[in-house]
Amino acid sequence: MLNKAETYWNNVLFADESKFNIFGSDRRIMVWRRKNEELNPKNLVGTVKYSCGGVLMWGCMSASGLGNLGFFDGIINHVLYLNILRDNLKLSAQNLGIGNNFVFHQDNDPKHRTLNVPL
């Protein structure tokens with residue numbers, strides 16, 4: 001990609017998704033403590049029961065600016081990802097002035113490798 005002309009990058013659209021947690025991490029948290037300090041407030045982490053406590057976001061950008069930003073519930077699998085692309089990618093490209101003739105770049109997440117992407 002280093003040898004691509006600068007004009008090539010004017011027609012590239014980058015996209016990715018991420019989860020943002022409202023109440024801490026999804027992962028296990030390790031706390032080092034001394035004996036009989038397990039209930040010390042500095043060793044406790046608040047939680048939210050029966051709630052995801054986060055938001056999933058999808059967004060895209062190009063050399064000419066930022067595209068649509070989408071918010072989603074649940075887990076983004078390949079079916080939801082295709083719907084996100086169908087609803088947001090082409091519209092974002094048109095709004096950014098790229099039109100229908102753009103190059104789409106994304107990372108190697110397994111849900112991005114689906115073979116059927118009808119836009």
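How many residues does the hairpin use to join strand 2 to strand 3? Two. The model is predicted: local features need pLDDT of at least 70, side-chain atom pairs count only at pLDDT 80 or more, and totals for chains, interfaces and linings use all residues. Residues are numbered from 1 along each chain as its sequence is written, and side-chain values use heavy atoms, without hydrogens and water.

Stop 1: Select strand 2 (54–62) and strand 3 (65–72). Strands are DSSP E runs of at least two residues, numbered from the N terminus. These two run antiparallel, joined by six bridges; strands pair if DSSP finds at least two bridges between them. Now pick Met61: its bridge partner in strand 3 is Leu66.

**Stop 2: the rings.** Select Tyr8, Trp9 and Phe14, which ring pairs link into a cluster. Rings of Phe, Tyr and Trp (its six-membered ring) pair if their centres lie within 6.5 Å; planes under 30 degrees apart count as stacked, over 60 as edge-to-face and the rest as tilted. Tyr8 and Trp9 are edge-to-face, 4.9 Å centre to centre, with 85 degrees between the planes. Trp9 and Phe14 have centres 6.3 Å apart and planes at 10 degrees, so this pair is stacked.

Colour by accessibility next. Trp9 is partly exposed at 27% relative accessible area. Phe14 is partly exposed too, at 34%. Buried means under 20%, exposed over 50%, and partly exposed in between (1.4 Å probe, protein chains only).

Lys4 lies over the face of Tyr8, 4.7 Å from the ring centre. The cut-offs are NZ of Lys or CZ of Arg within 6 Å of the ring centre and within 35 degrees of the ring normal.

Key: Helix = DSSP H or I, 4+ residues; strand = E, 2+ residues; numbered from the N terminus.
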